[in-house]
Amino acid sequence: CKLKFVPLCFQILQTQAMFYVEDVESAKALKDLNNTLEMPDGYSLQISMEATTAPNAPITDALVEKMKVEMSSRYNVENKALNLNAFHKSFAGESFYAPLWRSNVLRKVADIIV
């Protein structure tokens with residue numbers, strides 16, 4: 001089966017690559033790949049997972065700039081409307097997670113608007 005893989009909040013810690021996915025189908029498909037992929041050194045790629053939320057990363061100046069760019073691309077001048085649907089997915093594969101349900105993210109979005 002083919003699934004779209006969208007890693008959220010990608011991080012590398014020593015020899016581990018960590019990321020988060022939102023949907024159960026992607027998580028199950030990734031889990032099924034455990035020990036089925038061979039690395040260049042001949043060892044099998046080990047995939048482990050646990051149910052958790054992505055870390056609450058601080059909002060840096062770099063993130064604020066990316067949020068501004070994304071928000072400007074989502075603004076409809078004609079209707080004077082800002083579409084923030086699935087806003088956090090705009091930063092997929094990055095080292096931060098910016099969901100609007102986190103109060104610091106929503107507060108920063110409001111600050112940018114005002």
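Lys 80 is exposed, with a relative accessible area of 69%. This residue belongs to a predicted model, and its place is the loop between strand E3 (75-76) and E4. Its phi is near 55°, a positive value in a residue other than glycine.

**Backbone geometry in loops**

- Gln 14 is not a glycine, yet its phi is positive, at about 55°.
- The loop between E1 and E2 holds Gln 14.
- Gln 14 counts as exposed because its relative accessibility, 82%, lies over the 50% cut-off.
- Lys 80 likewise counts as exposed, since its value of 69% is over 50%.

**The largest pocket**

- The largest pocket holds about 920 Å³ of space.
- Its lining comprises 22 residues, and those closest to the pocket centre are Ala 17, Phe 19, Ile 47, Ser 48 and Met 49.
- Two elements give two or more residues to this lining, namely strand E2 (16-20) and helix H1 (24-32).
- Strand E2 gives the most to the lining of the largest pocket, with 5 residues.
- By residue class, the lining divides into 14 nonpolar, 5 polar and 3 charged residues.

**Salt bridges**

- The model contains 3 salt bridges.
- Side chains of opposite charge can pair when their charged atoms come close.
- One of the salt bridges joins the side chains of Lys 89 and Glu 22, with an N to O distance of 3.6 Å.
- This pair links distant parts of the chain, its members being 67 residues apart. Lys 89 is in the loop between strand E4 (81-82) and helix H3 (103-113), whereas Glu 22 is in the loop between E2 and H1.
- Lys 89 is partly exposed, with a relative accessible area of 45%, and Glu 22 is also partly exposed, at 42%.
- The side chains of Lys 68 and Glu 65 meet in another salt bridge, at 3.7 Å from N to O.
- Both Lys 68 and Glu 65 belong to helix H2 (residues 61-74), where a separation of 3 residues corresponds to about one turn of the helix.
- Lys 68 has a relative accessible area of 39% and is partly exposed; Glu 65, at 44% relative accessibility, is partly exposed as well.
- A further salt bridge is formed by Arg 74 with Glu 70, whose closest N and O atoms are 2.7 Å apart.
- Arg 74 and Glu 70 likewise lie in helix H2, 4 residues apart, about one turn of the helix.
- Arg 74 is classed as buried because its relative accessible area of 18% falls under the 20% cut-off.

**Nonpolar surface patch**

- Phe 5, Phe 10, Ile 12 and Phe 19 make up a nonpolar patch on the surface. Together these residues have about 360 Å² of accessible area.
- Phe 10, one of the patch residues, is placed in strand E1 (residues 8-13).
- The relative accessibility of Phe 10 is 31%, and the residue counts as partly exposed.
- Phe 19 takes part in this patch and is also among the residues closest to the centre of the largest pocket.

**Selected C-alpha distances**

- Ile 112 and Lys 68 are 44 residues apart in sequence, and their C-alpha atoms are 7.1 Å apart in space.
- Ile 112 lies in helix H3, while Lys 68 is in helix H2.
- Ile 112 is partly exposed, with a relative accessible area of 24%.
- Lys 66 and Val 114 are 48 residues apart along the chain, and 17 Å separates their C-alpha atoms.
- Lys 66 is found in helix H2 and is partly exposed, with a relative accessible area of 34%.

Key:
Residues are numbered from 1 along each chain as its sequence is written. This is a predicted model: local features need pLDDT of at least 70, side-chain atom pairs count only at pLDDT 80 or more; totals for chains, interfaces and linings use all residues. Side-chain values use heavy atoms; hydrogens and water are left out. On a 1 Å grid over the protein atoms alone, a cavity is a set of points where a 1.4 Å probe fits but cannot get out, and a pocket is an open set with protein on both sides within 12 Å along at least five of seven lines; lining residues have an atom within 4 Å of a point. Grid points are joined across faces, edges and corners, and a volume is the space filled by probe spheres set on the points. Ala, Val, Leu, Ile, Met, Phe, Trp, Tyr, Cys and Pro count as nonpolar, Asp, Glu, Lys and Arg as charged, and the others, Gly among them, as polar. A salt bridge is a side-chain nitrogen of Lys or Arg within 4 Å of a carboxyl oxygen of Asp or Glu. Buried means under 20% relative accessible area, exposed over 50%, partly exposed in between (1.4 Å probe, protein chains only). Patches are made of residues with over 30% relative accessible area and no salt bridge: like charges are joined within 9 Å, nonpolar side chains (Val, Leu, Ile, Met, Phe, Trp, Tyr) within 5 Å. Accessible areas come from the Shrake-Rupley method with a 1.4 Å probe; for residues, only the protein chains shown count as cover.
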